[in-house]
Structures are given as structure tokens and as C-alpha cells.
Amino acid sequence: MNITLIKATNRKNSSTYNGAKYLISRLDNVGEVFEFTLPDDMPHICGGCYACLNGKEEKCGGFEYLKPINDAIAKSSLIIFCAPVWCFHAPGQIKSFLDHYGYRWLVHRPNFDMANKQAVIITTAGGGGMKSAVKDIKDSMDYWGVARTHTVTQSVWGTFWNDMPEKFKKTFLKKLDKTASKVMKHAKNLKPSFKVKRLYAMFKFLHLSGKMWKIDNEYWKENCKIVRDILF
């Protein structure tokens, strides 16, 4: 199992990063782990130029930055996001990163290989905001068509990994253990969740009925066999 790890901070004592490392240690048959730090590895901010939506992804100012990340995701069966809560939401650099994949949502031209992948979102907070931070990322995972997305949230009262109260760390590790077990269980026979399967079915109907953008409708028609395999 290759893994792509996307983190919002380069702090080595980050609770989300250390949580991700622990999660990975609990998985079986781990191969390569590709790590990317935002915004260092993807500093470009989407300017709404519509290049990607119009099928000209290479014209995006962030195209070259995204290439190694896209290559890593293509090789991986698991994507992990380390996303501490910043101001009640996911960090801006993660939102900026995800903005570049709007054209890969099911409403446009998804990478159908996402149906063969899982994702884990690890979110910690000094207080509240974990629900909204997770939603910022999970919406993208569902609409990318990722088969299963798991979430791990933990309040840490603003402490770092080494300073985390033992009570918090014990609870956090228990959640990570449970998530690792779920990831391995689904990996044996991965099927999209009910919600994701419904999204595939809905957008298949809309695209094949010619109700969306022409470029997107044609893309879905060209890949209708792949979509049928995902659904059935």
C-alpha cells in the first residue's frame, strides 16, 4: 500500500503529523510514503482562470507544482490529510490546494481511479471547529469519487504531540488504531460508500443525458464502461 501524505505544516511536533505517522505504523504492507508540505510544495493560488475547467490544465500556473503530487496520488491507494483547525476551518493552504481540483469533481471530469482509493483526514484543534474543518476536505474527497473517506478528530487544547496530556493521547491513539483497522478491512475488497456510489450514479445520469458542460459530458461518455464497473 503506497500512501500520499499531505500536511499543512512542517512542524515535526505537530499532533496531526505524528498522528499520521502512528496511523501508518499500524497499517499492513506499507510501501512508499510520499510526503508533501503545503504551501511549500504547492504555493500557487487558484485565480479562477477556468483553464482546467476548459480542458487546458497545463495552462494553470500551478500545473508544474501539482505534477509530482498527482504522480504520487496515482501510485497510492491511500491519501492522508494532516489538517489542524485554523480559525474554525481547514488551513487556507489546504483549501487553496483543493481549489485546483475543481475540474476533477464528479460534476466535471473526475479521475475515475479515485474509486480505487481511500482517504483519511486527521484533524486536531485547540477547541472547536473540527467538524467544519473536516467538511472542507471531505466534500472534496466525496466529489473526487474517493471510495472511502475516514476521519479522525481530537481536541488537544493547543498542545503539541510531545506535550499532549496522556488522557488526550490515549484517546487519539485509540481512534487512530480503529481507523487503521477500517482502512485495512476495506482495502481487501474496496467498494465506494453508499453516498459516493449515489454521487457517481447521479452524475452519470446528468452527463449521459447531456445536461452538463459539453466537454464534461463527452468525457463521461468516453468512460461510461469504467463508470458502469464502479457502480456494478
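The axes of helices α1 and α5 come within 9 Å of each other and cross at roughly 45 degrees, where axes are lines fitted to C-alpha atoms, for helices over the stretch in contact, and angles run from 0 to 180 degrees between N-to-C directions. That makes α1 oblique to α5, given that angles under 35 degrees count as roughly parallel, over 145 as roughly antiparallel, 65 to 115 as roughly perpendicular and the rest as oblique. The contact (heavy atoms within 4.5 Å) is made by S15, G19, Y22 and L23 of α1 together with F172, L173, L176, D177, T179 and A180 of α5. Helices (H or I, at least four residues) and strands (E, at least two) are DSSP runs, numbered from the N terminus.

The structure is a predicted model, in which local features need pLDDT of at least 70 and side-chain atom pairs count only at pLDDT 80 or more, while totals for chains, interfaces and linings use all residues. Residues are numbered from 1 along each chain as its sequence is written, and side-chain values use heavy atoms, with hydrogens and water left out.

An open sheet of five strands has the order β2-β1-β3-β4-β5, with parallel pairing; two strands pair if DSSP finds at least two bridges between them. Strands β2 and β5 (148-155) stand at the edges, each with a single partner strand, so one side of each is left without a neighbour in the sheet. From one strand to the next, the twist averages 15 degrees. Strands β3 (residues 78-82) and β4 (residues 118-125) run parallel and are joined by five bridges, and F81 stands opposite I121 in β4. Helix α2 (residues 63-75) packs on the sheet, where α2 touches β1 (3-7), β2 and β3, and its direction makes about 145 degrees with that of β2.

Ten salt bridges are counted, a salt bridge being a side-chain nitrogen of Lys or Arg within 4 Å of a carboxyl oxygen of Asp or Glu. One of them is formed by R26 and D177, with the closest N and O atoms 3.0 Å apart. This pair links distant parts of the chain, 151 residues apart, as R26 lies in the loop between α1 (15-25) and β2 (33-37) and D177 in helix α5. R26, with a relative accessible area of 43%, is partly exposed, and D177 is likewise partly exposed at 26%; here buried means under 20% relative accessible area, exposed over 50%, and partly exposed in between (1.4 Å probe, protein chains only).

D99 forms a salt bridge with K95, the closest N and O atoms being 2.5 Å apart, and these residues of helix α3 (residues 92-99) are separated by about one helical turn because they are four residues apart. In helix α4 (residues 130-144), K138 and D142 also lie four residues apart, about one turn of the helix, and their side chains meet in a salt bridge of 2.8 Å, N to O. K138 is partly exposed at 25% relative accessibility, whereas D142 is buried at 2%. Salt bridges that share partners join E57, R109 and D216 into one network.

In the loop between α5 (166-187) and α6 (194-208) lies S193, which counts as buried at 18% relative accessibility. Neighbours within four places in sequence aside, S193 is in contact with A147 and R148.
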